[in-house]
Amino acid sequence: GGFGSAGGSALTTHPVGASFEASVREVAQSQVILDLPGGGRGRLHATETAEADRGRKGDRVFGSVKIGDAIRVVVLGPAGDRGSMLELSARRTSSEAKALFAAAADAGAGDGGGAGVCGAALLATHEHGDVFEHGIVAAVSNETLAITVAPGLTVRVPRIETASDVKELKTPLVKRFSVGASCGALTVLTSDAARKKMTCTLRSLSDRAVVLGAVLPAIVAKVEGGKNGGCVFAQLTGTRRGRAHACDLSDDASANEPWKKFAQGDVVNATVLSVSDDGGEIDLSFKKTSLNGSSQNGDVLASLQPGGSLSGYVKNVTKGGVFVAVARDVDARVKMCNLSDAFVEDPMKAFPKGFLVRGVALFVDTSARRVEMTLRSDGVDASAPRDKGLLNGGSLGSLPPLQVGLVTMGTVRRVQTYGVFVTLDGSGRSGLCHISAFADARIKDSLEAHVRAGERVRVKVLEVDEATGRVSLGMKPSLFTDEDEEEEDKAGLSSRRDAEKKEDVLVDDGDEEEEEEDEEE
């Protein structure tokens, strides 16, 4: 019940499950119209053809069918969108046809409306993981396939769901699929009878499982530049995508800006490194070493020890130092005094985001995922106490020690409201000259009005705390009184000697030598 009088009249003559031969009247791309014995017409959709008649994947279903051909069919029910026409099948038995009509009637589609008898029955009887092979390509674009799975039901399959092989996915869809051709086996992902909607994939469920360690084909969806971390986002399935960190893009640790090797639409193999508990965040690696499982899940801290070499990409620059991404979940800090052997006047300019740096690990905390590193050529921590900074088998104590009272030259590293930070010549260590030790007179304006970063200055070591590594410096002139007087005394003595020589013009060198010899005798 539920179908119109015309449909009812047709079913009276040819009831559901009736089987007979019908003659081809019209041939279209996705269906043929048949003249029924005793009068009336029926539709044989491409999805209801026999497997033997469907040919190979890619072949047009009705490519060899001609007007006048006889085809044995079975009645499925009314073709709701075609008036009095009946829906026919060439691949089902009489009992299968009756079961299909009953399922459609239970779903409220006994009159062939909505998704049709076949579509309603398919939605009602198929669930996640079920496989069927009667889909017909309805349309092809660069990124999507439209596949008709029943006369009144079409599903859309994104490019990533059309194959599990990278080489095949790299081939454009328009070269792999033809309109009106069979598409191969389809696996149901979701089926919603109430909304008359179904989603499918041409991959097996196991081939598309996003689990730790899985190697999956991925299509690049977005590439972030160095200023945004240099990450590459890639589509793994129709609904899930992951992120490959800059450190997981290339096996070459010296590769600068590796994200530039990728573009939207590229197809790559990706290894799943981690999946969040809710499945929302997925970390990937495009490294070949990850594909064969030889990267220890990409954990850079697995074997890293102080003194070990490491590289990464600048993530951020703050007053506290330069932060370098050395792994997807590990940032290493480089203190300002460890950025270079020489003074770095503008760290933000010298170390832009995404810039590749190579250095040496100073401190590694595996549990807290923390690393301190230095970019200095000597591999030392310029801020460390002399007796505690060990690196590469040597010690920071091997550098010239700092003695209280030492007068030396240095380079202004940073100017703050409370004082000036100076890197000392010869030691690589930095100290603070507090504003109270900067000048003998009170500084009424800012220190930046008197000194700037990069300027060469003379300083005196006032205090050294080896326990903390802190060095206090002074720059006010009164601190150098003794040293200046000593220099003046030396200069004065030398001047007097020179003057005496000029005054005794009658005494030549030979006379002086004779006088010295007489004194020795």
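Arg456 is partly exposed, as its relative accessible area is 44%. Here "partly exposed" is the band between buried (under 20% relative accessible area) and exposed (over 50%), computed with a 1.4 Å probe on protein chains only. You are looking at a predicted model, in which local features need pLDDT of at least 70, side-chain atom pairs count only at pLDDT 80 or more, and totals for chains, interfaces and linings use all residues. Residues are numbered from 1 along each chain as its sequence is written, and side-chain values use heavy atoms, leaving out hydrogens and water.

**Pairs of opposite charge**

What does Arg456 meet in a salt bridge? Its partner is Asp425, with 2.5 Å from N to O. Arg456 sits in strand β27 and Asp425 in the loop between β25 (419–424) and β26, so this pair ties together parts that are 31 residues apart in sequence. Asp425 is partly exposed too, at 33% relative accessible area. A salt bridge is counted when a side-chain nitrogen of Lys or Arg lies within 4 Å of a carboxyl oxygen of Asp or Glu. Strands, in turn, are DSSP runs of E with at least two residues, numbered from the N terminus.

The structure holds 18 salt bridges.

| Pair | N to O distance | Apart in sequence |
|---|---|---|
| Arg369 and Asp329 | 3.1 Å | 40 residues |
| Arg456 and Asp425 | 2.5 Å | 31 residues |

Let's take the other two pairs in turn. Is Asp283 buried or exposed? Asp283 is buried, because its relative accessible area is 17%.

The side chains of Arg369 and Asp329 also meet in a salt bridge. Arg369 lies in the loop between β20 (356–365) and β21 (370–374), while Asp329 belongs to the loop between β18 and β19. Arg369 counts as partly exposed at 23% relative accessibility, and Asp329 is partly exposed at 42%.

Elsewhere, Arg25, Asp35 and Arg41 are joined in a network of salt bridges.

**A barrel of strands**

The barrel runs β24-β25-β26-β28-β27, with mixed pairing. Two strands pair if DSSP finds at least two bridges between them. Strand β26 (residues 430–434) and strand β28 (residues 470–474) pair in the parallel sense over 2 bridges. Within that pair, Cys433 stands opposite Leu473 in β28.

Glu448 is found in the loop between β26 and β27 (456–465). Glu448 is exposed, because its relative accessible area reaches 58%. The C-alpha atoms of Glu448 and Thr417 are separated by 8.1 Å, although these residues are 31 residues apart along the chain.

**An enclosed space**

How many cavities of 30 Å³ or more are there? The count comes to 1 cavity. A cavity is a set of points on a 1 Å grid over the protein atoms alone where a 1.4 Å probe fits but cannot get out, and lining residues have an atom within 4 Å of a point. The largest cavity has a volume of about 90 Å³. Its lining is made up of 13 residues, and Cys337, Ser340, Ala342, Phe343 and Thr423 lie nearest its centre.

Conventions: Helix = DSSP H or I, 4+ residues; strand = E, 2+ residues; numbered from the N terminus. 1 Å grid on protein atoms, 1.4 Å probe; cavity = no way out; pocket = protein on both sides within 12 Å on 5 of 7 lines; lining within 4 Å. Points joined across faces, edges and corners; volume = space filled by probe spheres on them.
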